[in-house]
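Try each task before reading its solution.

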Amino acid sequence: QDMQLEAARQLDAQLQAAHGLDLLLGGQRRDRLLEHRERGTPGELGDQVAVGAGDGIGRATAIRAAQLQAQVVAVDIRAEMLEQTMQQIDAVGEQNALGITGDISKPATIERVFQRTMKSFGRIDGWANVAYLSIPAPIQELKIADFQSVVAVNLQSVWQSAQRVAPVMAKQGGGAFVNISSVLAHRTTPNISLYAMVKGGIEAL
């Protein structure tokens, strides 16, 4: 069962890595950015926030945005993993980047990320919610604290970030959210009811 979950996660990673940046940018804007990259001129990606950037899809998203000359804000609860991401971002070039360690299941962390990003860069052009928490177990063995934790990390943080950031994006003329779902929202496997549930919630949101 754990192997099934890992295989599904790997499939998700492949699909999201291929399409996540397209969703964040839009095809035409991405093409213009790549053209700027080839010419060595400044890009137009602006400021991008990647939540859950310590590894996997989140790290890949943050690094790719930096390669396209974005100002990147990388967020993760794991300080050591986040530091590794920041080192890889720093190796890309001289664009500004900000690393913030915090638990995005806490409303205060979302607010802190928002405030520090606005103070540092003055705008938010993209926000990628990639952080996740899964507690594989039969439903009868799960506790209410498990439910609350999984919802807080995977769904509440997505809702709260949209509530906080969308007005800023609207005022500045636009922006993009990427909220990572999963094939498991449509075709689940045993013992991952909480994870499948919150991914379905993301799609409904």
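Predicted model: local features only at pLDDT ≥ 70, side-chain atom pairs only at ≥ 80, totals over all residues.

Residues are numbered from 1 along each chain as its sequence is written, and side-chain values use heavy atoms, with hydrogens and water left out.

**Exercise 1. Find the buried face of helix 4 and what covers it.**

Solution. 
- Locate helix 4 at residues 79-90. Helices (H or I, at least four residues) and strands (E, at least two) are DSSP runs, numbered from the N terminus.
- Check its length. Its twelve residues reach 16 Å from first to last C-alpha, close to the 16 Å expected at 1.5 Å a residue (1.5 Å times one less than the number of residues).
- Pick out the buried residues: L82, T85, M86 and I89. Buried means under 20% relative accessible area, exposed over 50%, partly exposed in between (1.4 Å probe, protein chains only).
- Look down the axis. The buried residues of helix 4 fall within an arc of 100°, so they line one face. The arc is taken from the directions from helix axis to C-beta atoms.
- Find the cover. It includes helix 3 (56-67), strand 2 (71-76) and strand 3 (97-101).

**Exercise 2. Classify E80 as buried or exposed.**

Solution. 
- E80 lies in helix 4.
- Its relative accessible area is 66%, so E80 is exposed.
- Now compare sequence and space. E80 and G54 are 26 residues apart in sequence, with 8.2 Å between their C-alpha atoms.

**Exercise 3. Describe how helix 6 packs on helix 7.**

Solution. 
- Take helix 6 (residues 144-172) and helix 7 (residues 193-204): the angle is about 25° and the axes are 10 Å apart. Axes are lines fitted to C-alpha atoms, for helices over the stretch in contact, and angles run from 0 to 180 degrees between N-to-C directions.
- Helix 6 is therefore roughly parallel to helix 7 (angles under 35 degrees).
- The contact (heavy atoms within 4.5 Å) involves residues of helix 6 including F147, V150 and V151, and residues of helix 7 including M197 and V198.

**Exercise 4. Give the angle between helix 5 and helix 6.**

Solution. 
- Helix 5 (residues 107-121) packs on helix 6 at about 30°, with axes 10 Å apart.
- Helix 5 is thus roughly parallel to helix 6.

Notes: Parallel < 35°, antiparallel > 145°, perpendicular 65-115°, else oblique.
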